[in-house]
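Hello,

As promised, I am passing the structure on to you. Have a look at it first, and then read on for what turned up.

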Amino acid sequence: MLFDDEILDGSLPVTVSVLVPVAVADAYSYRVPAGLHVRPGSIVRVPLGPREVIGVVRDIEEGAEVSRSKLKDILHVYGDVPPLKPDLMQFLDWVANWTLSPPGMVARMVLRSEEALEPEAPLPGVRKVKGVEIERVTKARARVLELVEDGFAWTKSGLAGAAGVSPSVVDGLISHGVLEVVSMPASPPPPAPEPDREGPSLTPAQGEAVAKLRAAIGKGFSVFLIDGVTGSGKTEVYFEAVAEAIRQDKQVLLLLPEISLTSQFIDRFEARFGARPAEWHSDVPPKKRARVWRGTASGDVKVVVGARSALFLPFKDLGLIVVDEEHDTAYKQEDRVSYNARDMAVVRGKISSFPVALASATPSVESQVNASAGRYTRLELPERASGAALPEIIPIDMRTEGPERGRWLAPKLVEALAETVADGAQALLFLNRRGYAPLTLCRTCGHRFHCPNCSTWLVEHRFRGRLQCHHCGYSEPVPSACPSCGNAETLVACGPGVERIAEEIADILPDAHTLVLSSDLPGGPDRLRREMKVIAEGGADIVIGTQLVAKGHNFPLMRLVGVVDADLGLAHGDPRAGERSFQIISQVTGRAGRIAGQGRGFLQTYAPEHPVIKALLANDRDAFYKSEIEARRAAGLPPFGRLAALIFSGTDRNQTADFARAVVRSAPHDQSVTLLGPAEAALALVRGRHRFRALVMAPRAFDLQAYLRQWLKAAPKPRASLRLQVDVDPQSFL
């Protein structure tokens, strides 16, 4: 790839390769017509079949013989935005090579929309004309003139509203020549964060971590693991690194795993820096996203808080990436381009030569191993910043202390809930099951309600009166009678979801104000933000929630956490199941007693002897990680080995199975590689597509990408409805 300062304008025959957003293995060639100026990284619009698409110039071959009959011309160059920088282009190539994804589909994650590539049209405004006065000044006119006396421009509606007059008053001043119509920027630059505003007092451990982070800003690539218990003040630590990056006129990217975390986080950011950062996630309106895209490219936007896709914004001078809750599986994208934003953040820091900070109270096994090996610098925060003790973890053996039939909360947990509410504190009940019940069946004929498009049961959502599939979105009303045998009043809900726990709480503690938090409740992210604020301000006595309540929230009055089914995540045949269960239970019980102490966490379990449960009860994190790391090492699993999943899907089960077997038979023989499958996936049918999986295992030093490329080149190609997806470093095994 060529990168230089020369601009090629089509005065000589020029062929350029352009990455376009289609799933092909390479770039397409186009001709640069006379008068257009391009360079590597230029964003262009080109014809692709019958349509026009946005692409990015990858390479240029000057002086080559161009056949005018074969190559199409570039149609437009987006000159109002700078070309993508060489390091970003290198990063896109790296992601494509690592994930075995078409490079154009990776570039597509940068080229969000044409709206982001064109400047916003200026707004019409009005401004006072110097030296021009009006003889008759009414009270209404006087209020308007007072506001425009400083010479700044206003929109007409904004000026009329601020002065408390009708727009006709402003029009009258324009007609008299006192005000003139001018153009105003549609979106003025956002206010810059103030890095020297006083932050909170730091503990000695925080101060030591801050000193190391500050010293790394502007000094090239490095990776830090901020490893601190829940409530230890990890955010305050990396905020000081953000402040140092801003002082050095660098841009900063703060990655969060969930949209629901952004509101409380942004409030904390504003309190520290006096300005709000830019947001980047799916809930941000398109026009605002376009402004953020342009602001990162121009350098006007200094700090972005965003979800994983923010990693592909075209920053002008990125100087720090922070990945908060770095262990969270939400950083893994599995559609189209399969990538882990945590790992790719480290790669972007390496390519562009700036530090990356990973933060977690329960780091991933991979990050733990990297820190122990010296590849990452560990910054330990072993105590809570408030001085409060970590919560006491108390087991409830459901085999001997369980609830009565038809109930889901053990008497010991119910008693603790009542005490907590009576003391004016808050309690949290955690169950990672949405809806009312995970299965509905008929007691007469045994009929079970399942999704017609997926191999899953329909989940009852009693609040909405519907049965719903959480994989494809299919839903139907809860019937009054069994559709199989026709009997009425024989349908029974099996097992609890958060709505059923709320029903039980309403029965046993009717005076308690209960709030259910789940990602699929009506109202979306806005509702979640409002309800998080209600909880933080003490407006709820008992919160019942799914995994979104475990991630980074600070509830000052929360004293008790009850895990309704601590064994739920351990039941899967997933090699990461133990790690994920330990992380989520540690995180959710860590919500208790963060400020005032006296926190307690109750684990309802049928397997108190399980190694994960034992480590949680003993508050012995080191023992868990030591055991998990040794098990991974013995099995050759990441980070001591390499994995890749091949997912085959199609509308016909037999054709899909035949295709999967044919592809696996074509695999190159290599003694270093273990190939498992193909086998029917745990979720064998999703959205009407039958699924089979194969798993490739190889040693850590093995060139897995080269092996996969050789294999896929020789393998049968998918046809008709068949698809083959490759997932390097899979996080999900369903």
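In helix α13, the buried residues are Leu413, Val414, Ala416, Leu417 and Thr420. Because they cover an arc of only 160° around the axis, they sit on the same side of α13. Please keep in mind that this is a predicted model. On the face of α13 turned away from the buried side you will find the exposed residues Glu415 and Ala422.

What lies over the buried residues of α13? The cover includes the strands β17 (392–397), β18 (426–430), β26 (558–563) and β27 (600–605), together with α14 (498–508).

After α13 comes Gly424, which has a positive phi, near 80°.

Next, helix α16 (residues 577–589), where you will find Val588. Is Val588 buried or exposed? Its relative accessible area is 0%, and because buried means under 20%, Val588 counts as buried. Leaving aside residues up to four places away in sequence, Val588 touches Leu428, Phe430, Val549, Ala550, Val561 and Val563. One of these contacts, Ala550, is 38 residues from Val588 in sequence, yet their C-alpha atoms are 4.3 Å apart in space.

Now to the nonpolar cores. The largest has 56 residues, and those with the most contacts inside it are Phe91, Leu92, Trp293, Val304, Phe312 and Ile321. Leu92 touches Leu84, Val106, Ala107, Val110 and Phe312, again not counting residues up to four places away in sequence. Another core, of 34 residues, lies apart from the largest one; Val365, Val549, Phe555 and Ile585 are among its members.

Last, there is an open sheet of three strands, in the order β20-β21-β22, with antiparallel pairing. Its edge strands, β20 (459–461) and β22 (475–477), each pair on one side only. On average, neighbouring strands of this sheet are turned by 30° against each other, direction ignored. Between β20 and β21 (residues 466–468), which run antiparallel, there are three bridges. Glu460, for instance, has Leu467 in β21 as its bridge partner.

Terms used. Residues numbered from 1 in each chain as written. Predicted model: local features only at pLDDT ≥ 70, side-chain atom pairs only at ≥ 80, totals over all residues. Heavy atoms only, no water. Buried < 20%, exposed > 50% of the residue type's maximum accessible area, 1.4 Å probe, protein only. Helix = DSSP H or I, 4+ residues; strand = E, 2+ residues; numbered from the N terminus. Arc of directions from axis to C-beta. Contact = heavy atoms within 4.5 Å. Core = buried A, V, L, I, M, F, W, Y, C linked by side-chain atoms within 4.5 Å. Pairing = 2+ DSSP bridges. Axes fitted to C-alpha atoms, helices over the stretch in contact; angles between N-to-C directions.
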